[in-house]
Amino acid sequence: MADLNSIEHLLAAREILKSSLEKSREIAFAIDKTGPRLEEINRRIPSLEASIKTIASKCALFPIRVHVDRAVGPAVAVVKIFDVVLELENSISAKSCSDLFDYLYNLKRLEEALRFLTDNCKLVILWLEDVAQFLEDNKVANDHWYILNVNKCMRGFMELQATEERSRLKGGSLNTSFEKLEKEFRQLLREISFPPVEDSSLSSLGDQTCIADPFSLPLLVIPKLHAIIERLSAHNRLDRCISTYVDVRSSMARTTLQTLDLDYLEISLSEFDSMQSIEANNMDQWGRHLEFAVKNLLQLEYRLCSDVFEKVGSDVSTESFAKIAVQCGMHNFIKFGNTITQGKKEAIKLFKLLDIFAALNRLRSDFNQLFGGKACFEIQTQTRELVKKVVNGACEIFWELSLQVELQRQSIPPSDGSTPRLVSFVTDYCNQLLHDNYKPIMAQVMEIHWSWNHGTKFKRELVSTEVRNIVNSLELNLETWAKTYEDTALSNLFKMNNHWCLYKNLKGTKLGDLMGEAWLTGHEDNVEYYGAAYLRQSWGNLPGLLSEEGLILFEGGRAVDRDLVRKRINAFSEAFDETYWKQSGWVVSDKGLRWKMCEVVAEAIVPVYKRYMQKYIMPWSVEQESGPGKYVKYSVERLESMVRSLFQPKIGTYGSAKCTQLMGDMKNAVCNHFSSTPAAA
């Protein structure tokens, strides 16, 4: 049993071994077949490896696709925009500004295109920078070739990005266009011109406008200026606009003023010795020219500045106007006024100062409007200083007038008994001062001065009171001078002359009205009184020398004492000669009074002389068969002619031949400074 079991185990083991052997044979066969396949696979591995590397490289570049896609759109836009820029540049460079608004439209399109070009170039460059950075960060095959091309593209777009900046440089399209606009701006400003002004047209300014109103020009001028300023301001060229505006407008205003012949404004203090050097018409011209410059020229420039720079701001407008006012010569007017105030303190200077004040006062509201801003501070200051000098100078001269007249009391009166030149000067001066042209101004000046220096209320009658004081000082001078004559007749003639001068010259005048009718009547009465006194003291004794008493030898008879007749006629002739030759240098200043005095003297002696001649001398001459000349020195006609030749002013002193010299001497002596040296004559 046991053996049987062992055999079965051996058979089973044999089967197992047999089965394992078969399987081993199959495996060996399979292995033999697999070897060639592995060798084939081994041969294909390098190509697969290359393919896998290529796939891996493509997979590595895939993320850059996003950056490239983002740059493509702006890059295409840049190319298209650049074409538009070139087209607009060619169009604008070929055009002028004749059609300004079309030119500005195209210029604005060019600006927008250049700005769009710059913005898109910036965007493309940003994406290209990302691509370059990616290539640097992810090293791949042929990366050098990619990087070179990307950098080349960036350089191209950077060049295009600089197009706008280059266009703003000298010679660039935008810069050239802006220069064209500035040139058009200058030309438009020149179109707002003023026609030449004749000086005669300034005689009456009033409401009449002497020059063209700029707003009568085509309505498009101001809008065109606005459009140019707006365009240039957007590119930081406002300062150039302002500079051009000031240059053009000040030049045109200066040219307009030059047509008025303002050379007199350049006079310096060293060029004249006294106020006589400033002609009266200079002051009148100064006032009219200043009024024209302010009310017309500068007023219109002010309005034009406000209109042109309306959208920019009031500060620009006022600053531009201030520069125009200065550059066109406004300072020259103020300088002339200052020159007058610095002149010698002469009486005639007072009227020139009042003329200056009156002109400035008329323009006070205009000055406040035009020069009220901070930009005109310099003109404000100079004008205020001028007014201060004028007010102080005028009041100083006015308050000293009475004293200056009084100082003349020390001088010597005219040796010929005529009216001193001081009398006519003072009366004419006071009359002029009381005239409607000056009295209100003088009162206003004094009131201003009073307010500066006193706390009390100003009394406007002070002007009249002080003028009375001046006349009273003059009267005291005349009384004092009359007492200096040793000859009483000459003293009376002097008094008669001056009383007549005061009465005649002041009756019906402002000064006469101020002094009153009683004052005038008193001087008229004094003319008669001193005229009679003069006649009595000088010629009154001559008729008595031809007395008929004792000439008839026998009562009731006809015989005449010829020796006594001859003696009396000789005595008369001697007395006449003495009086005549002594008075041949005496003068009655007024022509009418001179004729009257000659008549009075002639009536006093000629009829008596004529009767004496006819009664005693003529019969005697007939009897002796000889002419009266044998017995008498003067015929009746000769005597009367000599009497009527009395009191004549001397040619060369008072005559027309030396009129200019007389006026000059008079001004030198009394008009200008009331010098304390003897100058009453």
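A: Asparagine 431 has a relative accessibility of 15% and therefore counts as buried, since the cut-off for that class is under 20%. The model is a predicted one. Asparagine 431 belongs to helix α15, which covers residues 421–434. When residues up to four places away in sequence are left out, asparagine 431 touches Asn505, Leu506, Thr509, Lys510 and Leu511.

Across the whole protein, buried residues account for 44% of the 681 residues. The protein has 24 helices and zero strands.

Helix α14, residues 377–407, takes part in two of the helix pairings described here, with α11 and with α17. In the pairing with helix α11 (residues 330–341), the two axes come within 10 Å and cross at roughly 20 degrees. That angle makes α11 roughly parallel to α14, because angles under 35 degrees are classed in that way. The crossing of α11 and α14 is left-handed. On the α11 side, the residues in contact are Met330, His331, Ile334, Gly337, Asn338 and Thr341; on the α14 side, they are Glu378, Ile379, Gln382, Thr383, Leu386, Lys389 and Val390. By class, the contact of α11 with α14 comprises five nonpolar, six polar and two charged residues.

In the pairing with helix α17 (residues 462–482), the axes of α14 and α17 are 8 Å apart, and the helices pack at an angle of about 10 degrees. Here too the angle makes α14 roughly parallel to α17. Helix α14 contributes Phe398, Trp399, Leu401, Ser402, Val405 and Glu406 to this contact, while α17 contributes Leu462, Val463, Glu466, Asn469, Ile470, Ser473, Leu474 and Asn477. The contact of α14 with α17 has eight nonpolar, four polar and two charged residues.

At 1.5 Å a residue, its 22 residues should span 32 Å, and the C-alpha atoms at the ends of α20 are 32 Å apart, so the two values agree. Burial in α20 involves Trp519, Leu520, His523, Val527, Tyr530, Gly531, Ala533, Tyr534, Leu535 and Ser538.

Note on methods
Residues numbered from 1 in each chain as written. Predicted model: local features only at pLDDT ≥ 70, side-chain atom pairs only at ≥ 80, totals over all residues. Heavy atoms only, no water. Axes fitted to C-alpha atoms, helices over the stretch in contact; angles between N-to-C directions. Helix = DSSP H or I, 4+ residues; strand = E, 2+ residues; numbered from the N terminus. Parallel < 35°, antiparallel > 145°, perpendicular 65-115°, else oblique. Left-handed = near helix turned anticlockwise from the far one by under 90°. Contact = heavy atoms within 4.5 Å. Nonpolar A, V, L, I, M, F, W, Y, C, P; charged D, E, K, R; others polar. Expected span 1.5 Å × (residues − 1). Buried < 20%, exposed > 50% of the residue type's maximum accessible area, 1.4 Å probe, protein only.
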